[in-house]
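Subject: Structure handover

Hello,

Here is the structure I said I would pass on. My notes on it follow below.

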Amino acid sequence: MPTYRFSCTVCGPFDLIRPMRESGAPAGCPSCAREARRVLTAPALRSMPSALRGALDAQHRSADTPGVVTSPPPRTGRAQRRVTDPRQLRLPRP
Ligand SMILES: [Zn+2]
């Protein structure tokens, strides 16, 4: 079930897990039991696999401050290209 954010006028925002068919219905505040309205937010990413979440976090971190490296990553050996046309050997290399 997805997580929805609600906002109580007295206590502030809180998250609530509920079925999608009840997403727009008002919810009771867990602190004061007043009626709270749903707040539209970005999708909750809590149920993502941890590897995917880590990759997304790293992507967001590197958007503003990319990691600085001093050398290229080590070659693994399996990433070598096979040259099938000898004209490819004359192409400029990065
Ligand atoms: Zn409240």
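**Fold and overall figures**

From the N terminus on, the elements of the protein chain run β-β-β-β-α. That comes to one helix and four strands. Please keep in mind that this is a predicted model. Of the 94 residues in the protein chain, 13% are buried. Taking contacts between residues at least 6 apart in sequence, 24% join residues at least 24 apart.

**Zinc site**

The zinc ion has four protein donors, namely the SG atoms of C8, C11, C29 and C32. These atoms lie 2.2 to 2.4 Å from the ion. Angles among the four donor atoms run from 106 to 117°, and the site is tetrahedral. For reference, the ideal angle for four tetrahedral donors is 109.5 degrees.

Along the sequence, the donor residues follow the spacing C-x2-C-x17-C-x2-C. C11 sits in the loop between β1 (3-8) and β2 (12-17), while C32 sits in the loop between β3 (27-28) and β4 (35-39), so this pair ties together parts that are 21 residues apart in sequence.

A disulfide is a covalent bond between the sulfur atoms of two cysteines. The count of disulfides in this model is zero.

**Salt bridges**

How many salt bridges does the structure hold? There are two.

One of them joins the side chains of D15 and R5, with an N to O distance of 2.7 Å. This pair links distant parts of the chain, since D15 belongs to strand β2 and R5 to strand β1, 10 residues apart. Both residues are in the partly exposed class: D15 has a relative accessible area of 31%, and R5 has one of 33%.

The other is formed by R87 with D85, whose closest N and O atoms are 2.7 Å apart. D85 is located in the segment after α1 (50-64). With a relative accessible area of 22%, D85 counts as partly exposed, whereas R87 is exposed, at 54% relative accessibility. The two side chains are also listed as making a polar contact, at 2.7 Å.

**S23**

One more residue is worth a look in the viewer. S23 is found in the loop between β2 and β3. What is S23 in contact with, leaving aside its neighbours within four places in sequence? The residues are Y4, F6, R18 and R38. S23 has a relative accessibility of 16% and therefore counts as buried, the limit being 20%.

**Where to start**

If you open the model, I would begin with the zinc ion and its donors C8, C11, C29 and C32. After that, the D15 and R5 salt bridge and the R87 and D85 salt bridge can be checked in turn.

Regards

Key
Residues are numbered from 1 along each chain as its sequence is written. This is a predicted model: local features need pLDDT of at least 70, side-chain atom pairs count only at pLDDT 80 or more; totals for chains, interfaces and linings use all residues. Side-chain values use heavy atoms; hydrogens and water are left out. Donors are N, O and S atoms within 2.8 Å of the metal (3.2 Å for Na, K and Ca); water is not among the atoms, so sites may look incomplete. Four donors count as tetrahedral if all angles lie between 85 and 135 degrees; four count as square planar and six as octahedral if opposite donors are over 155 degrees apart and all others between 65 and 115; anything else is irregular. Helices (H or I, at least four residues) and strands (E, at least two) are DSSP runs, numbered from the N terminus. A salt bridge is a side-chain nitrogen of Lys or Arg within 4 Å of a carboxyl oxygen of Asp or Glu. Buried means under 20% relative accessible area, exposed over 50%, partly exposed in between (1.4 Å probe, protein chains only). A polar contact is a pair of N or O atoms within 3.5 Å; within protein, one must be able to donate a hydrogen and the other to accept it, and residues adjacent in sequence count only if both atoms are side-chain atoms. A disulfide is a pair of cysteine sulfur atoms within 2.5 Å. Contact means heavy atoms within 4.5 Å.
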